[in-house]
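Here is a short walk through one protein. Look at the sequence and the structure below, then read on.

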Amino acid sequence: MPAVQEDTLDRTFAALAHPARRAILGRLARGEIASVTALAEPFDMSLVAVSRHVKILEGAGLISRKKEGRSRRCRFEPAAVAEAKDWLETHERYWSAQMDALTRYLKDAE
């Protein structure tokens with residue numbers, strides 16, 4: 001796997017490791033475009049803390065921010081998630097084939 005793709009996957013999975021970031025991404029993935037302030041509303045944490053989570057998501061390429069007036073609006077960017085999905089599907093196919101082979105082996109051993 002190319003180093004660039006590994007770096008992208010590392011950032012993606014690291015960003016998805018925190019439940020607050022997954023919640024933020026989930027809201028944006030449903031088509032919502034929101035300011036950091038609006039994204040912070042459901043959380044019991046400071047605006048600064050939410051802003052740090054947003055920066056991590058942005059650094060991973062999972063969201064983008066665009067300045068609109070005095071606020072920055074966040075938008076979901078699905079490309080990084082698609083790369084992670086492709087990686088997971090490749091590994092799922094491999095392990096599924098391994099489990100099928102084990103099942104056949106165990107049935108033959110009976």
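How many residues does helix α4 have, and how far does it reach from its first C-alpha to its last? Helix α4, at residues 47-59, has 13 residues and reaches 18 Å, close to the 18 Å expected at 1.5 Å a residue; the expected span is 1.5 Å times one less than the number of residues. Helices (H or I, at least four residues) and strands (E, at least two) are DSSP runs, numbered from the N terminus.

This is a predicted model, in which local features need pLDDT of at least 70, side-chain atom pairs count only at pLDDT 80 or more, and totals for chains, interfaces and linings use all residues. Residues are numbered from 1 along each chain as its sequence is written, and side-chain values use heavy atoms, leaving out hydrogens and water.

Within α4, Ala49, Val50, Ser51, His53, Val54 and Leu57 are buried, where buried means under 20% relative accessible area, exposed over 50% and partly exposed in between (1.4 Å probe, protein chains only). Just after α4, Gly61 has a positive phi of about 80 degrees.

The protein as a whole has five helices and three strands, in the order α-α-β-α-α-β-β-α from the N terminus. Its radius of gyration is 19 Å, well over the 13 Å that the globule rule gives for 110 residues, so the protein is more spread out than a compact globule. That radius is taken over C-alpha atoms, and the globule rule is 2.2 Å times the number of residues to the power 0.38. Along the principal axes, the C-alpha atoms fill a box of roughly 70 × 30 × 20 Å. Buried residues make up 25% of the 110 residues.
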